[in-house]
Amino acid sequence: GECITASLSFGWKQRKELPYNLTDCYQQSRSNTPYTSLSEFVTHSKMASLFLARTSLMWQRSVSSAILRGSTCTTQNQLRFKIGREHLRTHTKAMSTEAAKYLCVHVFVTVKPGTEAAFKEASLKNARNSSQEVGVARFDVLQEKDDPCKFVLVEVYKNDGAPAAHKETEHYKEWRETVADMMAVPRSAIKFDNLFPTTPQGWDYGEDTALE
């Protein structure tokens, strides 16, 4: 009967939305990614996270399918399955344990009275798009309880080049122009290094995280 390894290979190759392996995944994303190595890509990229999650699911489905059909595998194919499973576990563990050295920027904003709602609308639109950027781990918008004219934007970047890439996006340029006349005082920012959490998962929203 059809073995688990063959079932996995056939089933995975039918899914055209993602490359066949992590190296291809990295190579295909190099045109629009700030990552300088495969290791950095595997650790921090949302695309790599999605690839590993899909791979894990495909392993599980292939095993279940083979069992239901009463298929059997040779010793060689059982060994291949074990090696592949351990390979996946190694990558997943590296993603969850490797320290994330992120750049955390707090942007302090005070807007003119009467512009709070418009600033909030523009900033939320910008945050929704910014949170999808490759180099952005999270992009939070906060409003002060006691003074609704004051806001804080919490921008967490995965590398030093990500802030510059963010400022080249159309959504940032649109936000900057929209809120320019709303400023009561010039914006200010303070940069931080993250001390805790120390893992990417402690900061990243995640591919399927509901943000609203």
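Predicted model: local features only at pLDDT ≥ 70, side-chain atom pairs only at ≥ 80, totals over all residues.

Visitor: OK, how many aromatic pairs does the structure hold?
Guide: There are three aromatic pairs. In one of them, the ring centres of Phe119 and Phe151 are 4.7 Å apart and the planes sit at 55 degrees, so that pair is tilted.

Visitor: Where in the chain do Phe119 and Phe151 come from?
Guide: From distant parts of the chain: Phe119 is in helix 6 (residues 116-130), while Phe151 is in strand 3 (residues 150-157). They are 32 residues apart, and the pair links those two parts.

Visitor: And are Phe119 and Phe151 buried or exposed?
Guide: Both Phe119 and Phe151 are buried.

Visitor: What about Tyr172 and Trp175, what kind of aromatic pair do they form?
Guide: That's a tilted pair too, with 5.9 Å from centre to centre and 35 degrees between the planes. Tyr172 and Trp175 both belong to helix 8 (residues 170-179), where they are three residues apart, about one turn of the helix.

Visitor: Why does Tyr172 count as buried?
Guide: Its relative accessibility is 10%, and the cut-off for buried is under 20%, so Tyr172 qualifies. Trp175 counts as buried as well, because its relative accessibility is 5%.

Visitor: Which residues form the aromatic cluster, then?
Guide: Phe119, Phe151, Tyr172 and Trp175 form one cluster.

Visitor: Switching topic: how do strand 2 and strand 3 pair?
Guide: Strand 2 (residues 136-143) pairs with strand 3 in the antiparallel sense, over seven bridges. A hairpin of six residues joins strand 2 to strand 3.

Visitor: Which residue stands opposite Val152 in strand 3?
Guide: That would be Leu142.

Visitor: Back to helix 8. What does Val179 touch, leaving out residues up to four places away in sequence?
Guide: Val179, which is found in helix 8, touches Phe119, Ala122 and Arg187.

Visitor: Phe119 again! How far apart are Val179 and Phe119?
Guide: In sequence, 60 residues; in space, 6.2 Å from C-alpha to C-alpha.

Visitor: Last one: is Val179 buried or exposed?
Guide: Val179 counts as buried, because its relative accessibility is 0%. So Phe119 turns up in two places here: it pairs with the ring of Phe151, and it is touched by Val179.

Conventions
Residues numbered from 1 in each chain as written. Heavy atoms only, no water. Phe/Tyr/Trp six-rings, centres within 6.5 Å; stacked < 30°, edge-to-face > 60°. Helix = DSSP H or I, 4+ residues; strand = E, 2+ residues; numbered from the N terminus. Buried < 20%, exposed > 50% of the residue type's maximum accessible area, 1.4 Å probe, protein only. Pairing = 2+ DSSP bridges. Contact = heavy atoms within 4.5 Å.
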